[in-house]
Amino acid sequence: MKASDVKKGNVVEHDGTVYQVRDIERSAPTARGGNVTFRFTMYSIPGGRKYDLSLRADDDLREMDLVRRAANFSYMDGEAFVFMDAEDYTQYPLSPELVGDNAGYIVESVEGYYVQLIDDAPVGLQVPTSVVLTVVDTAPEMKGASATKRTKPAKLDTGIEIQVPEYITNDEKVWVNTLTGEFAGRA
């Protein structure tokens, strides 16, 4: 596929690495005979490493077929997170490297997970934008401090630690934004 045909969200291969295109800048030269260039902001699949690439309009990129399958977390198999396809019950074992920082947002019986596949092999995991987690360890509430918007650290049941408002107590369920890793409200 020509660089001029690439759209946001496309999955392409460059130098043996698979990337998803997140942003495209088109620059047209003012001089005659100049080439139109495209600057792509891409993120690697898996891993999510940012990569900037500039190409001329007729340079070629190989388009990859990325399939997203709705899946639910089933269980841990040693180190691997096993997800089951919501439609055909295929099991996808995902390594800790593939899951990356999303490991703290994986909970049973939550919908909204998507396993990303290229040639039927799992290459990534997309988590819901927010999940409900339980506070397992946080400092007790300070009396009379409710008028200020101070926060305190709280350890959650999946092992991650976030900042929560002072009124949150142990065993309380809270919404966590998976994009920012921040407290998003009581559940």
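Predicted model: local features only at pLDDT ≥ 70, side-chain atom pairs only at ≥ 80, totals over all residues.
Reader: Why is A187 called exposed?

Author: Its relative accessibility is 57%. Exposed means over 50%, so A187 counts as exposed. A187 sits in the segment after β15 (182-186).

Reader: What makes V132 a contact of A187?

Author: Contact means heavy atoms within 4.5 Å. A187 touches V132, and also K173, V174 and W175, leaving aside residues up to four places away in sequence.

Reader: Why is the link between R39 and E25 called a salt bridge?

Author: The closest N and O atoms are 3.4 Å apart. The limit is 4 Å, so the pair qualifies as a salt bridge. R39 lies in strand β3 (residues 37-44) and E25 in strand β2 (residues 17-27), so the bridge ties together parts 14 residues apart in sequence.

Reader: Why does R39 count as partly exposed?

Author: Its relative accessibility is 35%. Buried is under 20% and exposed over 50%. The value falls in between, so R39 is partly exposed.

Reader: How do you know that D88 and R69 form a salt bridge?

Author: The N to O distance is 3.7 Å. That is within 4 Å, so the term applies. D88 lies in the loop between β7 and β8, and R69 in strand β6. Through shared partners, salt bridges join R69, D85, E87 and D88 into one network.

Reader: What makes β7 and β8 a pair?

Author: Pairing needs at least two bridges. Strand β7 (residues 80-85) and β8 have four, in the antiparallel sense.

Notes:
Residues numbered from 1 in each chain as written. Heavy atoms only, no water. Helix = DSSP H or I, 4+ residues; strand = E, 2+ residues; numbered from the N terminus. Buried < 20%, exposed > 50% of the residue type's maximum accessible area, 1.4 Å probe, protein only. Salt bridge = Lys/Arg side-chain N within 4 Å of Asp/Glu carboxyl O.
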